[in-house]
Every structure is written in structure tokens, then in C-alpha cells.
Amino acid sequence: MALVEVKVPDIGDFKDVAIIEMLVAVGDSIRAEQSLITVESDKASMEIPSSHAGVIKSLKVKLGDKLNIGDVILELETGAAASPASAPAPAASPAPSPAVAAPSAASAAPAAAASGGSVTVRVPDIGDFKDVAVIELLVKPGDTVAVDQSLITVESDKASMEIPSSHAGVVQSLEVKLGDKLNIGDAVLTLLAGGGAPAPAPVAAAPAAPAAPAAPVATPSAPSQPAAAALPAHDPTAAGALSSKLPHASPSVRKFARELGVPLGELKGSGPKGRITQDDVAGFIKAVMSGATQTQAQAAKAPAAAAAGAGTGTGTGLNLLAWPQVDFAKFGVVERKPLSRIKKISGANLHRNWVVIPHVTNHDEADITELEAFRVAMNKEHEKAGVKFTLLAFLIKACVAALKKFPEFNASLDGDELVLKKYFHIGFAADTPNGLVVPVIKDADQKGIIQIAKEMSELAAKARDGKLGPADMTGGCFSISSLGGIGGTYFTPIINAPEVAILGVCKGFMKPVWNGSSFEPRLTLPLSLSWDHRVIDGASAARFNAYLAAVLADFRRVLL
Ligand code: CAO
């Protein structure tokens, strides 16, 4: 045990930054790299992580204090594992030196912006962060962006951060996609500098650009960002549009909201300058769950959500009893275990989906006698090549055939519109020690069974090791939850929103089937298809299942 002072690491040229949020309290047990406080300058907010793991003995700062490099934040009692060498303070900086980064990216801004030509915005110096994954795209082609406006969010195993634009202009093309791994100097996007005006007037803000922080210092502070000044002079209205685009919240709060599916844009921040805090996000979730909140967008986009969300005693709200408070220890020995991160996230999502979507589940059976014989034969034939033909790989391919025949199953609801997808990305539920995850096989229509089986086994292994990235789990059109390797007959899977249907599969069993003259043993696969009754009708669901069963009974139908 040792007492360690945790200090403000090198945060670049930010001075006298005010503490706007205390993220920990005395007695908390914290990890190295865990965020301790949020500070805010007039340019950006950022979180200061801990250089050590341990238990907080005393806090040396309070809300509103102004901090600089080297100031003591708190005293920590560290365990044996947390030697100072294992987590040196400077490395813990979430916003590696903007001072170093600025010249490379931002100093080019005025010239390029004045020329009105194409400019490639690159990843600035992000310190010792390497191969950081893109987890969020904050702009799209056609958007007008200001200097310093956040373009993408990247995440390392230590922190998430936003990469700001070194130039103002109109986005021509994104050079990255979700899941890409980035390093300093990589192209993020191409801009038509100066907002695309044929002869852009020298932008009033041009002198401001060199001073702008080009390092990924988190969310710009909405009220004071220089966006308006950086906009082309001919578009005075765009300033408001821009500042309202990005909710004012720190990276960890944005991440928290993203994980729980909370639309940050719909929250009113209770923090200074209207900043959205973690409590605001948690409060929103609580309110939605208890039926006390209904946002405008929910009302407009999801009539069923509205029915679940608002009012009391009017027939439109859930109007539930409070959750039972029971002292279980009174009845016997108990043990308390915190829910894993995955359980918390998937739980909140499953709950929302179950409450909001009017689910119906159709059960059916598929005769897979021939398919199973073929699968076993293929496995024998390819034994030496190390390929495993799993039933789930065949199911994915069969589902693609059914989705092609019944396109409303390959869709998402968006307000009064149905978004019909022309691509076929299929998710499969994977059971991991930490909870349920749904990796996605992309473009399954363009892949053969061997390729699908190979990708599935790689994704399942990544899932078990907790190494799935956001790109592995996004973009799904339809999901399959297979309990076939475990058991059961039928179940009612919960739809993975914004998808509109999910197939549950249980263990195949031998069933005597009348062939016209005698009973024959046939291997029968139980299918349970849950579907969103706002989008799909019972007759379509029955047809989907029947077609799927026909494909599985005679796989040649996939070719039709
Ligand atoms: N009927 C009978 N046997 C089946 C079967 C079925 N429908 N599906 C698989 N099996 C058998 C396989 O033949 C295999 O047997 P062998 O080891 O003798 O070859 C065994 O079960 C394991 O199958 P597999 O290796 O093909 O794995 P899988 O495709 O069944 O499962 C995965 C992969 C990732 C889906 C699985 O590990 C998993 O996590 N399943 C749980 C999903 C889940 O939790 N769903 C619930 C979500 S709602 O809470």
C-alpha cells in the first residue's frame, strides 16, 4: 500500500481549465486510465484520467477550480499492482498535446481555405495512441463543417476522442468508415474548403484557424466554439445549424449514451453551458423506462414507443407498480455481483426493443434430414482443410434467400417510411462469458458457406475473447439466435432493433413423418421467427417461415 498523488498530466496549451464535473468520490475504487474529472476551456472539454489504480483517500479539487499541468487532483491508496511505472501520468492524457499537433494540421488551414479547393483533413498528432478504431462518424458528404468541428470519434483501449476539422468547408467524401484503424497523418475526409463558394471571400475566421486546437480534445464547448466565425460569409444561418448538430457532452458521456442508444440530441443538459452529463443520460433512461418521458422524435418516429412512453392512467402509459424492494438476506445467504458491462448495455437495448416493438412469434419446422447428411459429408470431405461446415452457416445463407424473396423482412422502420435494404448483413447471437453479443456477417449474399463458416468462427472467437469492435457488430439487417447446440424446442427471440425480424433456432430432433404409406424418421429443425407487427403481417411471416423451411429441406432452392 502506498499513497500516490494523481496530478494533471500534460494537456497541451490549455491553461486554467475549469473543473465542470467530478466523476469520482472519496472511497471509490478506480482503475488506471479511469476518468476522474472533466475540465473545460473555452475551446473544448476533456476528461483527465487517473495515472494509477487504487482507492481514493482524498480529493484535492472541487467543482469550478481552475487547473494547470502538475496540479494535484487527488490522493490514492494504491495496491501492490499499481506501481507508478505501470501507468505514467503523461501517457494517461486523453488529449495529447494540442500544442504539438496544431502546427501540422491547423497551420495549413488559412491558405487552403482561402483557395476554395479540395483539402484533405488528416488525423493530427494524437500522442501515443496508435491504430485507434473509428467508432462514430459525425459528418457525411454534403455537410458544411467549421474549423474545430468534430468529424469522427475514435477509440483506443484507453479513451475515446473526437477528431476535429482543421478546415472549414463542405464535406466531399469520407475517407474512413466505421471500424477503420487510424494513425497520425491518415486521411479522414476531403473538404471543398470555404463552403464550396466559387470564389470564397476570405473567411472572417481565417486568423482564428492557426490558434484552433487540431488535436482530438473531445467535444467542442458549444457556446464558445468559433464555428460561426469560421463559416463562409455568405451563409450566416449555417452557424446555428452547426452548433445545434453536435450535442454538448464529453466523450465518455457521448460513449455512454451511444452504448445505451440514448439520442443525445434530444436531451437538455443540466451542466454548465447546457452540457449533458452522465446523470442526464441515466435520468433519461430511467424516465423512459418508468414511462415518464416521451421525446418529440420518439413521438414522431415510433408511434408504438409513444404509446409505451407517455402519460399516466390515460391508457397510453405503462403506469407500472414500483419495482419490489426486498431484503433478500432476510430469507437466506445471498451474494451480490455487479452486472457486466455487456449485460448492462444489452439489457437496456433488449428492454427497449421488447417494450417498444409489438412482437409476434411464428413457429415452424424444417426437414433438414438431407441438409444434415450433406453437412456431415462436407465436414468429412474437408476435415483436413480444417473447415467446419456449421448448420448456422447454412441457416445464414437460407435466410438471405428468404430475405430476397420477402424484402420487408430486410428493412427498418424510420417514422412513416420503411427503409428497404439492398444489402444482406446477417447478425448471429453469440453467448460469451460476459453476456450476449451479436456479431454481423457482412454481405452474406456474396459469400459461400465455407467463407461464412470461417468468418463466423473468427467472430465467435473474438466475441468470446471480448475483442469484437464496433464494426463487427453494426450494420445488421436480420439476426439469427441459435440455441441448437444447447437444446430446447421453441422460444420467442427479441428483435434486434432497428431490424424488424429475428430467427430463433432450437435443437434438431427426430420426428416420425407420414410419407403416404408409412412413418419415416426425419430430422426436424424448430424455427421461431419473431417479427415486428408494425411492418410485417402474420401471413407474410408464415410465408417467410414456410419458404425458409423449403430452402432448408432442399438447399438447391438457394440457387433459384
Ligand atoms: N440442432 C442440433 N444440433 C445442433 C444445432 C441444431 N439446431 N445447431 C448446432 N448443433 C450442434 C452442432 O452439430 C455441433 O455439434 P458437434 O460439436 O457434434 O459438431 C454443436 O451443436 C455446436 O455447434 P456449432 O459448433 O455449429 O456451433 P453453433 O453454430 O451451434 O453455435 C454460436 C455458434 C456462436 C451461435 C454459439 O456458440 C452460441 O453462442 N449460441 C448461443 C446463442 C444464444 O445465446 N442465443 C440466445 C439469444 S437470446 O438470449
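These legends walk through close-up views of aromatic rings in a predicted model. Local features need pLDDT of at least 70 and side-chain atom pairs count only at pLDDT 80 or more, while totals for chains, interfaces and linings use all residues. Residues are numbered from 1 along each chain as its sequence is written, and side-chain values use heavy atoms, leaving out hydrogens and water.

**View 1. F394 meets F555.** The whole structure holds eight aromatic pairs (Phe, Tyr or six-membered Trp rings with centres within 6.5 Å; planes under 30 degrees apart are stacked, over 60 edge-to-face, the rest tilted). Here the ring centres of F394 and F555 are 5.4 Å apart with planes at 85°, so this pair is edge-to-face. F394 belongs to helix α11 (residues 391-405) and F555 to the segment after α14 (538-553), so the contact ties together parts 161 residues apart in sequence (helices are DSSP runs of H or I, at least four residues; strands are runs of E, at least two; both are numbered from the N terminus).

**View 2. F406 meets F544.** Centres 5.9 Å apart and planes at 55° make the F406 and F544 pair tilted. F406 sits in the loop between α11 and β18 (411-414), F544 in helix α14. F406 is buried at 12% relative accessible area, and F544 is buried at 0%. Ring pairs link F406, F409, F478, F544 and Y547 into a cluster.

**View 3. Lysines over rings.** K405 places its charged end over the ring of Y547, 5.3 Å from the centre (NZ of Lys or CZ of Arg within 6 Å of the ring centre and within 35 degrees of the ring normal). K404 lies over the face of F424, 5.6 Å from the ring centre.

Key
Buried means under 20% relative accessible area, exposed over 50%, partly exposed in between (1.4 Å probe, protein chains only).
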